[in-house]
Structures are given as C-alpha cells and as structure tokens.
Amino acid sequence: MTAPSTKPCRLLWITPEVQGGIASYSHMLWTAIAEASNAAGDFQPLALVQTPTGKSEEAISAARELKPDLVHVQHEYGLFGGLNPARDRFPGWMRRLRQAMPPGARIVATAHSVLNDYRFDTAAEGWRSSLHRLVNRFALTWLRHRWGMGTLGKFDAVIVHSRRQRESLHADGFPVVAEIPHVVPTITPPRQEREVGPMPTLIVFGYFTPGKGQDIVIEAMRHLQIPARLRLAGGVGHPANVAYKRRCEEAIDRLGLGGRVEVTGYVPDAEISRIYDESDLVVAPFRVTTGSGSLVQALARGAPVLASDLPLNREINERVPDTLAFFASEDPVDCAWQIERLLADPDRRESLCKQALQYAATFSPANIARLHLDMYRDILAR
C-alpha cells in the first residue's frame, strides 16, 4: 500500500534528548529511515530534530518551519517532565505541536515506556516510601489512565517494541498500535568469544535504577561458588536514582566485594564496545523492562546474555530461539547458579553468541526502517 498522495510524504522526527539511550536509538534509526525513504520514493525525510530535555519547544519551531505531513515523536515520560502530573509538560507541548503543523498532518510516537503495570517504589528512602504507598493505593488507577490514553492516546498511532505491550494497549482502547521490535545496531566487527580465565568478568550495563536491578547481581556475587569480577557499567540518569546507586555501593562494601566490583560511571558511546569485549558474560537482571537498549547493545555484539525471565525478555526468544539464557527474576541465588552454569559451559555460551548475532541480523536498522515505512503508509491511508 502506498501513501494516497502523488507527492512524497514529508517526514520529521523529534527526539527530546541529545545524550542517552533514546538519543542514540533515534540517530541510528533515523539514518536507516532516511535511506529507506529515499529508496522507496514515497517519503521525503526532512530532519531529525534532537533537543535537550526540557527545551523541546525548539522542535515545535522546526515543525512550523518545515511543514511536515507526518511527525514521529520518540516518547518517554522522563523526557517531558516525568510521571508527576504537576510537572508533566507533555499535554501542552502536544497541543502546541498540533497547532504548528499543517491541517491533516499526522503524529505518531514510539512509546519507549508502557506503564500499564507500573507501581511506585515502596522501598524508596525516607518520606517517599510512605507517599508511594499512598499513591499506589489511592491514585494509581487514575494515574495509569493519564499515562495511557491521557498521554499516548493523543497520538494518531503508537509503536511499541513488544506483542504484550501491543495487546495491553489494544485492551485499553488504543485504536492504532504497531509492534516493531527494538532495533539492534550493526556492530562491525562483532565481539570475539573469550576463553574464560580463572577470574571471569561479568557486566551489567545501564543506568542505575531499581528497575535495572543492579542490586540483585551484587547480592548474587555473595552466593557465587567461583571467583568472578563484576563491572557495573553506567551512571545515574535521573536525580531520583542517586539514593539507589548509593544503596548499591553500600551493599558492595557491606558484603566485602570492593575488590571484585567496579562501578564505571557513565560510559560514552566510544567505550561501549571495549566494555563488552572485556566481558565473559552479560547479566541483565531487570525487575521491569519495556524493551532495553542496553540489551540489544549486547546482542549486536554477539555477547552471551543471562537475563531475568520477565515476559518481554522471553519474547526475544519467541522471535529467535535461544537468544537469551534466563534466571528467575529478582532471585539472586538462582542468578548466581545460572552464572556458574554458563561460565562452566563453553558450548552453551557459543550457542548464545550465534543466536544473538542471528537476532541482530533479523532486527537490523535496515529491516526495522522498512517496518516503520509500512506503518507510516498504513496511517496515511486511514
């Protein structure tokens, strides 16, 4: 199906972030989108507008000047002020974006977070713990509606990375939801499989958040029956998670792991491959996930990955079997046991590496770009 116009559809991308996972995702995928658009001929790629978080008014000015027929917004709640309605800038921003665009133009979004099952952390420090309990008990139903139809429902269509997310949004009444898996970057050359030495290196990659679960692997280190090093590669992406990182560092000291656990801080893009190249096993201990950029970075390099057995992680193996190994979510003892099994089994690790590269080839930027253009054509034909 082609766009119902003889002129190419003028396409604009907006990302309210200039440094971070979503910014890197946007830059990589926009390049592939622009190439696919030029080859197809029915789209005219105008620009990828990346603005600092909190300064997304610049994107509205770009939409007013460029007059796109279709705008694609990379949406994540933290890029528009967070989950607190009092700080949420998105409704007003979206209204101004609509006003800046030509009549009949469409706006779609990639929803990098889908919060149908979200609950506030009741293990937070101090007064926040009590506040979170109250919000979870009395306001969560209203907040979930606001985060759902009240936010994502303002777009003409929404892209999610998972079948379960798509089914969940359809059940909530979203009319147009497309499932397009998270793009996997093309890395050349891929990581080389390592011989496991007497002190293997484990890596957990990503910002410190309770959802990422760094504390689970720290606790698992206490249960390992073999010597190993752990590298926690990432910093703090939001001030609300400073206390969580501090709790992780305190646990490292309390368990006497200071000589075996390294906290790297923020890792620049240029250093990511080196970090993976120096690892024997990637651990992804997420408590929650909506489709992780750090996980596809590992798959892109053909790294063996041990992940928590959350439904969205298991969905990766539904697409390409045996891409990930699993441990029981939030169980540090099982995490330790599965780490030991994988480090002792080179054939299993080799199989995971091969399947990771197969997954990366299947969901490459070029293939994911074509899926985006198909979705755009469907929206324009409605």
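View 1. Just after helix 10, Gly302 adopts a positive phi of about 70°. The model shown in this and the other views is predicted. Helix 10 spans residues 293-300 and is mostly covered, with seven of its eight residues buried. The buried residues are Ser294, Leu295, Val296, Gln297, Ala298, Leu299 and Ala300. Their cover includes three strands, namely strand 7 (201-205), strand 10 (281-284) and strand 11 (305-308). Helix 9 (269-277), helix 11 (311-319) and helix 13 (346-362) are also among the covering elements.

View 2. Strands of a sheet pair through backbone hydrogen bonds, either parallel or antiparallel.

View 3. Strand 8 (residues 229-233) runs parallel to strand 9 and is joined to strand 9 by three bridges. Leu230 stands opposite Val261 of strand 9.

**View 4. Helix 1 against helix 14.** The axes of helix 1 (residues 21-40) and helix 14 (residues 365-381) come within 8 Å, crossing at roughly 65°. Helix 1 and helix 14 are therefore roughly perpendicular to each other. The crossing of helix 1 past helix 14 is right-handed. On the helix 1 side, the contact is made by Tyr25, Met28, Leu29, Ala32, Ile33, Ala36, Ser37 and Ala40. Helix 14 contributes Pro365, Ala366, Ile368, Ala369, His372, Leu373 and Arg377. By class, this contact has 12 nonpolar, two polar and one charged residues.

**View 5. Helix 2 against helix 3.** Helix 2 (residues 57-66) packs on helix 3 (residues 90-100) at an angle of about 15°, and their axes are 8 Å apart. With angles under 35 degrees counted as roughly parallel, helix 2 and helix 3 are therefore roughly parallel to each other. Helix 2 passes helix 3 in a crossing that is right-handed. Glu57, Ala59, Ile60, Ala63 and Arg64 of helix 2 make the contact with Trp93, Arg96, Leu97 and Ala100 of helix 3. The classes in this contact are six nonpolar, no polar and three charged residues.

How values were computed. Residues numbered from 1 in each chain as written. Predicted model: local features only at pLDDT ≥ 70, side-chain atom pairs only at ≥ 80, totals over all residues. Heavy atoms only, no water. Axes fitted to C-alpha atoms, helices over the stretch in contact; angles between N-to-C directions. Helix = DSSP H or I, 4+ residues; strand = E, 2+ residues; numbered from the N terminus. Parallel < 35°, antiparallel > 145°, perpendicular 65-115°, else oblique. Left-handed = near helix turned anticlockwise from the far one by under 90°. Contact = heavy atoms within 4.5 Å. Nonpolar A, V, L, I, M, F, W, Y, C, P; charged D, E, K, R; others polar. Pairing = 2+ DSSP bridges. Buried < 20%, exposed > 50% of the residue type's maximum accessible area, 1.4 Å probe, protein only.
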